[in-house]
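Hello,

Here is the model for your files. Please open it next to this note; my findings follow below.

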Amino acid sequence: VLVAVLPGPDAPDASSMGRPVTSFSTMAPWAIGLVIVSGSFQAWRQVGSFGALTSTDYGTILIIKLVVFAVLMIVAWMSRTALRDRITLAEDSAPEDEHGTPLAPAEVDRVDRYLAGRLRRLVAVEVILAVAIFGVTAVLVNAQPARTEETEPFTEIVDIEVVMFDILVTPATAGLNDIHATTLTHAGAQRDVLEMSMELSL
């Protein structure tokens with residue numbers, strides 16, 4: 001598509017792009033489907049639940065990527081339509097308007113220039129969106145996976161003046177949890193105590 005919309009004397013004629021565009025149009029849905037299937041599998045491995053998708057940084061970044069990808073697919077479909085319209089116009093020996101009236105050569109040239117300009121703008125938007133997806137993906141691969149972030153243990157330091165408690169709760173989710181309490185001095189060193197009791201409340 002980029003080659004088909006390049007301006008200048010080296011740009012290919014629209015009528016010569018029929019076969020390549022047809023071949024690409026046949027392969028594109030399969031390629032997009034493969035990207036969607038593999039991406040969905042990877043997203044499930046990293047997220048694991050709908051709750052993690054909406055409550056973690058990883059999930060938020062993933063949603064942004066999916067929205068940008070969806071917009072890219074819409075713009076790509078519009079580009080494909082504009083390109084096919086231009087090819088159809090170039091291959092038609094007697095083009096007509098929507099009312100069946102033959103188009104004059106000047107009108108055909110005007111329509112072709114309009115479609116070419118529209119196609120260039122749409123492809124430019126596609127490129128920008130593709131770069132945005134690469135940028136979001138770069139952020140995503142460096143983010144903590146939602147599955148890990150959601151099950152991160154709870155830690156808290158409790159200071160009761162004479163001693164500090166380092167509280168660790170794992171896995172900090174609904175159900176069975178392990179609670180560890182370590183007594184510390186105010187300098188951060190472990191402190192031995194003769195007896196300790198703990199009360200939990202919601």
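Where do D109 and R113 both lie, and how many residues apart are they? Both are in helix α4, four residues apart, about one turn of the helix. Helices here are DSSP runs of H or I with at least four residues, strands are runs of E with at least two, and both are numbered from the N terminus.

First, the ground rules. This is a predicted model, in which local features need pLDDT of at least 70 and side-chain atom pairs count only at pLDDT 80 or more, while totals for chains, interfaces and linings use all residues. Residues are numbered from 1 along each chain as its sequence is written, and side-chain values use heavy atoms, with hydrogens and water left out.

**Overall**

The protein chain has five helices and three strands. Their order from the N terminus is α-α-α-α-α-β-β-β. Of its 202 residues, 25% count as buried. Buried means under 20% relative accessible area, exposed means over 50%, and partly exposed is in between (1.4 Å probe, protein chains only). The accessible surface of the chain comes to about 14100 Å². Carbon and sulfur atoms hold 63% of that surface. Areas come from the Shrake-Rupley method with a 1.4 Å probe; for residues, only the protein chains shown count as cover. I also looked at contacts (heavy atoms within 4.5 Å). Among those between residues at least 6 apart in sequence, 52% join residues at least 24 apart.

**Salt bridges**

The structure holds two salt bridges. The criterion is a side-chain nitrogen of Lys or Arg within 4 Å of a carboxyl oxygen of Asp or Glu.

One is the D109 and R113 pair, with the closest N and O atoms 2.1 Å apart. D109 counts as partly exposed, because its relative accessibility is 38%.

The other joins D112 to R86, with the closest N and O atoms 2.9 Å apart. D112 lies in helix α4 and R86 in helix α3, so this pair ties together parts that are 26 residues apart in sequence. Both D112 and R86 are buried. For R86, the relative accessibility is 12%. The two side chains also make a polar contact at 2.9 Å. That term means a pair of N or O atoms within 3.5 Å; within protein, one must be able to donate a hydrogen and the other to accept it, and residues adjacent in sequence count only if both atoms are side-chain atoms. Leaving out residues up to four places away in sequence, D112 touches R86 and L89.

**Nonpolar cores**

In soluble globular proteins, nonpolar side chains tend to be buried together. A nonpolar core here is a set of buried Ala, Val, Leu, Ile, Met, Phe, Trp, Tyr and Cys residues joined through side-chain atoms within 4.5 Å.

The largest core has eleven residues: V68, L72, V75, A82, L83, I87, L119, L122, V123, L129 and I133. The elements that give two or more residues to this core are α3 and α4. Its largest share, six residues, comes from α3. Another core lies apart from it, with ten residues, among them V47, I61, V136 and A146.

L119 sits in helix α4 (residues 105-141). L119 is buried, at a relative accessible area of 0%. A82 touches L115, R118, L119 and L122, not counting residues up to four places away in sequence.

I61 is in helix α3. With 17% relative accessibility, I61 counts as buried. Neighbours within four places aside, I61 is in contact with V136, V139, L140 and A143. The C-alpha atoms of I61 and A143 are 8.7 Å apart, and the two residues are 82 apart along the chain.

**Surface patch**

I63, V67 and V71 form a nonpolar patch on the surface. Together they have about 210 Å² of accessible area. Patches are made of residues with over 30% relative accessible area and no salt bridge; like charges are joined within 9 Å, and nonpolar side chains (Val, Leu, Ile, Met, Phe, Trp, Tyr) within 5 Å. V67 is placed in helix α3 (residues 57-91). V67 counts as partly exposed, at 49% relative accessibility.

Best wishes
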